[in-house]
Amino acid sequence: IMKNRKLFALAFALVLVSGSVTFLSSCDSSSSQTSEAPSTSEAPSTSEAHQFIDYASSDAVRLKLDYKNRDFYKDGVAEVTLRTSIDGDTAHFTPLVTTTSSETIKARFYGIDTPESTGKIQEYGKPASNFTKEQLKLAADKGTIVVSSPTNEYKVPEHDSTGTRYVCLVWINTEVKNASYDSLKLLNLMIVQEGLSYVKNVSAIPEYTDTFYAAEEQAKNFKKNLWSGEPTPTFNYGGYEDVSLLDMKLEIEKSLKDPSHVNKFDNAKVRIVGTVAGF
């Protein structure tokens with residue numbers, strides 16, 4: 001409680017010094033994440049569309065490689081534990097079995113592109129991030145997580161264009177530990193199916209391509225999330241400017257040194273994203 005009081009006092013002091021500034025604070029933590037349920041806009045009537053198809057649970061998309069005792073860095077597929085869920089299409093994992101590397105698997109989910117929820121925040125970025133985090137946490141706590149390269153062969157995995165992340169398919173079972181490889185669901189596809197991502201470059205998985213686009217089209221028809229046309233409560237509408245804490249600090253310091261200096265953030269609508277590193 002004392003720590004929180006000190007934090008609030010600090011924030012209040014910052015407001016007093018810098019003038020009338022709108023603060024939209026976000027302390028994002030996997031242990032204290034407030035989830036937003038995906039949009040539940042009414043689906044089309046049966047006269048407008050067929051019954052909703054759970055593509056991720058169908059046999060159309062299944063892992064075809066046994067992951068047991070496999071080393072991701074050598075074989076391109078392995079069971080992992082969740083290290084950190086970053087956003088809707090990025091997460092970090094630790095392999096259960098490895099003799100070749102102790103490197104964290106920084107996985108960029110292949111074939112999808114969710115709106116941004118870190119840095120430059122975009123509409124529906126937070127709901128996408130929350131959905132991915134919830135599914136991975138369930139699988140980590142009660143089930144199984146497997147990552148694989150976008151291929152049906154055992155082979156050394158490839159990095160994405162950054163050279164630091166691996167392009168991955170992320171397979172989960174949220175109920176069964178050490179689940180059989182053919183019982184896992186493809187999280188990449190689940191995210192598309194929920195209308196929380198666009199399909200992006202699925203050429204490396206031609207056997208799944210039609211299913212990915214069918215799931216995206218269905219999400220559009222059922223007006224799910226991105227395709228709902230509805231605003232999301234976690235996005236700040238109204239022309240907020242993204243600024244850093246450093247930007248604001250420098251302006252405050254200028255005002256303290258020179259009383260005639262006009263703080264450019266006075267009475268401005270700003271959005272700050274940061275991490276509380278101490279009290």
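Below are a few questions and answers about this predicted model.

Q: How are the planes of Phe52 and Phe222 arranged: stacked, tilted or edge-to-face?
A: The structure holds seven aromatic pairs. In the pair of Phe52 and Phe222, the ring centres are 5.2 Å apart and the planes sit at 85°. Planes over 60 degrees apart get their own label, so this pair is edge-to-face.

Q: How many residues apart in sequence are the parts that Phe52 and Phe222 tie together?
A: Phe52 sits in the loop between helix H1 (2-18) and helix H2 (72-75). Phe222 belongs to the loop between helix H5 (206-221) and strand S9 (241-242), so the parts this pair ties together are apart in sequence by 170 residues.

Q: Which residue lies over the face of Phe52?
A: Lys220 lies over a ring face too, but that ring belongs to Trp227, with 4.9 Å to the ring centre. Over the face of Phe52, at 5.4 Å from the ring centre, lies Lys224.

Q: What span is expected for H5 at 1.5 Å a residue?
A: H5 has 16 residues. From first C-alpha to last it reaches 23 Å, which is close to the expected 22 Å.

Q: Which helix do the buried residues of H5 pack against?
A: Those buried residues include Tyr208, Phe212 and Ala219. They pack against several strands, among them S6 (166-173), and also against helix H4 (187-193).

Terms used
Residues are numbered from 1 along each chain as its sequence is written. This is a predicted model: local features need pLDDT of at least 70, side-chain atom pairs count only at pLDDT 80 or more; totals for chains, interfaces and linings use all residues. Side-chain values use heavy atoms; hydrogens and water are left out. Rings of Phe, Tyr and Trp (its six-membered ring) pair if their centres lie within 6.5 Å; planes under 30 degrees apart count as stacked, over 60 as edge-to-face and the rest as tilted. Helices (H or I, at least four residues) and strands (E, at least two) are DSSP runs, numbered from the N terminus. A charge sits over a ring if NZ of Lys or CZ of Arg is within 6 Å of the ring centre and within 35 degrees of the ring normal. The expected span of a helix is 1.5 Å times one less than its number of residues. Buried means under 20% relative accessible area, exposed over 50%, partly exposed in between (1.4 Å probe, protein chains only). Contact means heavy atoms within 4.5 Å.
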